[in-house]
Amino acid sequence: MSGILYFVPTPIGNLEDMTYRAVNVLKEVDYILCEDTRTSGILLKHFEISKPLKSYHLHNEHQATEKVITDLKSGQNIAIITDAGTPGISDPGYLLAKAGADHHIDMICLPGATAFVPALVVSGLPNNEFLFAGFLPQKKGRQTKLKQLAEEKKTIVIYESPHKINTTLEQIKEFFGEKTKISLSREISKKFEETKRGTILELIEFSKSKTLKGEIVLIVNNSI
């Protein structure tokens, strides 16, 4: 009988966001897949979890997936975590989920921390329907993607890094228009959590007025 593959969210900032269920699952599985054993080792030590950690990241997930599926078929229960947030959401996890589905493996994803949900809720923009775009392409296909998103009537969720935020905001102004409404959230659940709302012009001025740090979530809507 095959084991169970658990997708376990981990805190994106505040360690108190870790759920009791997540801790219990990580204590009970045979081993844990993670992006960085050093980062995850700190988390496991904090919650007194003593289980083997195995690297599973964007550079080895193709090779590692086959071994994980073999272990699951042998009856082992395995959890996958990332450095922060929910596995598979702009983080490693999709390939493993696809392989699990293809091999009829039982999979359970625990509810828990992810950056875009709190950012979307506090944006004040329509959230009954939205499109999750994640990180935009770095170079190739970036303008094409922005043109496609600019035609979207739903609210759009975009992830961005601090050192690219000014460029991305300028591109949103170019493709979406100057009347576009936007909300910028950063350092979600951390000490210096901050959300700024306004037009794209106001957000460009805000972003250029200070050095933004931490992962950034943009909530964009040009249809209201």
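Select β6 (130-135) and strand β7 (residues 155-160): the two pair in the parallel sense over five bridges. Strands and helices here are DSSP runs numbered from the N terminus, with at least two residues (E) for a strand and at least four (H or I) for a helix; two strands count as paired if DSSP finds at least two bridges between them. Within this pairing, Gly134 has Ile158 of β7 as its bridge partner.

The model is a predicted one, in which local features need pLDDT of at least 70 and side-chain atom pairs pLDDT 80 or more, while totals for chains, interfaces and linings use all residues. Residues are numbered from 1 along each chain as its sequence is written, and side-chain values use heavy atoms, with hydrogens and water left out.

Next, display the whole open sheet of five strands, whose order is β6-β7-β10-β8-β9 with mixed pairing. At its edges are β6 and β9, each pairing on one side only. On average, neighbouring strands are turned by 15 degrees against each other, direction ignored.

Axes are lines fitted to C-alpha atoms, for helices over the stretch in contact, and angles run from 0 to 180 degrees between N-to-C directions.

Now centre on Glu194, in strand β9 (residues 194-199). Leaving aside neighbours within four places in sequence, Glu194 is in contact with Leu184, Ser185, Arg186, Phe206 and Lys210, contact meaning heavy atoms within 4.5 Å. The side chains of Glu194 and Lys210 are joined by a polar contact of 3.2 Å (a pair of N or O atoms within 3.5 Å; within protein, one must be able to donate a hydrogen and the other to accept it, and residues adjacent in sequence count only if both atoms are side-chain atoms).

Finally, select Ile12, Ala84, Asp91, Ala115 and Glu215, which lie nearest the centre of the largest pocket among its 20 lining residues. A pocket is an open set of points on a 1 Å grid over the protein atoms alone, with protein on both sides within 12 Å along at least five of seven lines; lining residues have an atom within 4 Å of a point. The volume of the largest pocket is about 490 Å³, volume being the space filled by probe spheres set on the points, which are joined across faces, edges and corners.

Technical notes:
On a 1 Å grid over the protein atoms alone, a cavity is a set of points where a 1.4 Å probe fits but cannot get out, and a pocket is an open set with protein on both sides within 12 Å along at least five of seven lines; lining residues have an atom within 4 Å of a point.
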